[in-house]
Amino acid sequence: MTVMSWTDDRVEQLKKLWEAGLSASQIAAELGNITRNAVIGKVHRLGLSGRAKSPSSAAPRQRKAARPAQHMMRISRPVSRGNTALAHAFDVEAEPDPIAYDNVVPMSQRLSLLELNESTCHWPVGDPGSADFFFCGGKALNSLPYCAHHSRVAYQPASDRRRTSRPSK
């Protein structure tokens, strides 16, 4: 590896080429035995700026011609949207489960993490860092981790979520 030193003559030549508007790659090729990055580094250390525009970049660019509007055909989509994969798993119109309504869970139904199994509701209630944290523990629906009430909370259709989250005017 050869180390190139910046002589006064090479620095003057660099300044002239830089002010003439040549790129760092062009200057490196002109000086010879030097990389583009070495030129950029020296330019920054010298604090050079205000280069002249090269003839190709001085002329304004012509804009591309606008494309003619393409007519797109709209295809109607099915009405059901959102998370409907589990909609058949439970009846959305059913009455709320009175045992787990509004996170009011009877003391006898509350379970710790170690007491949960496939047939119990895994809905967490409270702050996991506090001593009074528990899981709902109600009867879970088939193939779901939650009871009927918490399934309705967890698996809301997207259209219902949008409707309730909008601020009223």
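Mentor: A contact here means heavy atoms within 4.5 Å, and the model we are reading is a predicted one. With that cut-off, Arg 10, Gln 13, Leu 14, Leu 17 and Trp 18 of helix H1 meet Ile 27, Glu 30 and Leu 31 of helix H2. Sorted by class, the residues in this contact are five nonpolar, one polar and two charged. As for the geometry, H1 spans residues 8–19 and H2 spans residues 24–31, and their axes come within 10 Å and cross at roughly 140°, with H1 passing H2 in a right-handed crossing.

To place this pair in its setting, the protein chain has six helices and two strands, which follow one another along the sequence in the pattern α-α-α-α-β-β-α-α. Of the 169 residues in the chain, 25% count as buried, and the accessible surface of the chain comes to about 13,700 Å², with 53% of that area belonging to carbon and sulfur atoms. If you look at contacts between residues at least 6 apart in sequence, 52% of them join residues at least 24 apart.

Phe 135 counts as buried because its relative accessibility is 12%, below the 20% limit, whereas Phe 133, at 22%, is partly exposed.

Conventions: Residues numbered from 1 in each chain as written. Predicted model: local features only at pLDDT ≥ 70, side-chain atom pairs only at ≥ 80, totals over all residues. Heavy atoms only, no water. Axes fitted to C-alpha atoms, helices over the stretch in contact; angles between N-to-C directions. Helix = DSSP H or I, 4+ residues; strand = E, 2+ residues; numbered from the N terminus. Left-handed = near helix turned anticlockwise from the far one by under 90°. Nonpolar A, V, L, I, M, F, W, Y, C, P; charged D, E, K, R; others polar. Buried < 20%, exposed > 50% of the residue type's maximum accessible area, 1.4 Å probe, protein only. Areas by Shrake-Rupley, 256 points an atom, 1.4 Å probe, with all protein chains shown as cover.
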